[in-house]
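My entries follow in the order I made them.

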Amino acid sequence: MSESSYVFRVSGRLSERAADAVVDFGELEVAAAPPETIIYCHVTDEERLHRLLSLFRVLGLDVVSMHQVP
């Protein structure tokens, strides 16, 4: 897998704890777009993508959509 960019939409606003954890993951941008939150991410390999999705699950985030973007 070559480096790709993804846009994730999650339900609601991120709590402070969730926002800190997502930002600490590195190379992510978070934008509020009520009633959702948009997370932009560069993914260098499939393992990183799976780690990010696992982080969302651990944080209890409801992923509404995930799209690979150019």
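**Core.** I started with the largest nonpolar core, which has 17 residues; those touching the most other members are Phe 8, Val 22, Leu 28, Ile 39, Leu 52, Phe 56 and Leu 61. I took such a core as a set of buried Ala, Val, Leu, Ile, Met, Phe, Trp, Tyr and Cys residues joined through side-chain atoms within 4.5 Å. Buried means under 20% relative accessible area, exposed over 50%, and partly exposed in between, with a 1.4 Å probe and protein chains only. Two or more residues come from each of β1 (4-11), α1, β3 and α2, and α2 gives the most, with 4 residues. Helices (H or I, at least four residues) and strands (E, at least two) are DSSP runs, numbered from the N terminus.

**Basis.** This is a predicted model, in which local features need pLDDT of at least 70 and side-chain atom pairs count only at pLDDT 80 or more, while totals for chains, interfaces and linings use all residues. Residues are numbered from 1 along each chain as its sequence is written, and side-chain values use heavy atoms, with hydrogens and water left out.

**Leu 61.** Leaving aside neighbours within four places in sequence, Leu 61 meets Val 10, Leu 14, Ala 18, Val 22 and Phe 56.

**Rings.** I searched the whole structure for aromatic pairs and got 2. Rings of Phe, Tyr and Trp (its six-membered ring) pair if their centres lie within 6.5 Å; planes under 30 degrees apart count as stacked, over 60 as edge-to-face and the rest as tilted. Tyr 6 and Phe 8 are stacked, at 6.1 Å centre to centre and 25 degrees between the planes. Phe 8 and Phe 56 have ring centres 5.2 Å apart and planes at 80 degrees, so that pair is edge-to-face. The latter pair links distant parts of the chain, with Phe 8 in strand β1 and Phe 56 in helix α2, 48 residues apart. Tyr 6 and Phe 8 are both buried, and Phe 56 is buried too.

**Helix α1.** Which residues of α1 are buried? In this helix (residues 16-25) they are Ala 18, Val 22 and Phe 25. They cover an arc of only 50 degrees around the axis, which puts them on the same side of α1; the arc is that of the directions from the helix axis to the C-beta atoms. An α-helix has 3.6 residues a turn, so residues three or four places apart point the same way. The buried residues of α1 pack against β2 (28-33), β3 (36-43) and α2 (46-58). Glu 16, Arg 17 and Asp 24 are exposed on the face turned away from the buried side.

**Helix α2.** I checked the length: 13 residues reach 18 Å from first C-alpha to last, close to the 18 Å expected at 1.5 Å a residue. The expected span is 1.5 Å times one less than the number of residues. Buried here are Arg 48, Leu 49, Leu 52, Leu 55 and Phe 56. Their arc is only 120 degrees around the axis, which puts them on the same side of α2. They pack against β1, α1, β2, β3 and β4 (63-69). On the other side of α2, Glu 47, Arg 57 and Val 58 are exposed. At the start of α2, a side-chain oxygen of Asp 45 comes within 3.3 Å of the backbone nitrogen of Glu 47.

**Backbone.** Most residues other than glycine have a negative phi, and most peptide bonds are trans. Glu 27 is not a glycine, yet has a positive phi of about 50 degrees. Glu 27 sits in the loop between α1 and β2 and counts as exposed at 60% relative accessibility. Gly 26, which follows α1, has a positive phi near 95 degrees. The peptide bond from Pro 34 to Pro 35 is cis, with omega near 10 degrees, and Pro 35 is in the loop between β2 and β3.

**Ser 4.** My last entry concerns a residue in strand β1, Ser 4, which is buried at 9% relative accessible area. The side chains of Ser 4 and Gln 68 are joined by a polar contact of 2.8 Å. A polar contact is a pair of N or O atoms within 3.5 Å; within protein, one must be able to donate a hydrogen and the other to accept it, and residues adjacent in sequence count only if both atoms are side-chain atoms.

Key:
Contact = heavy atoms within 4.5 Å.
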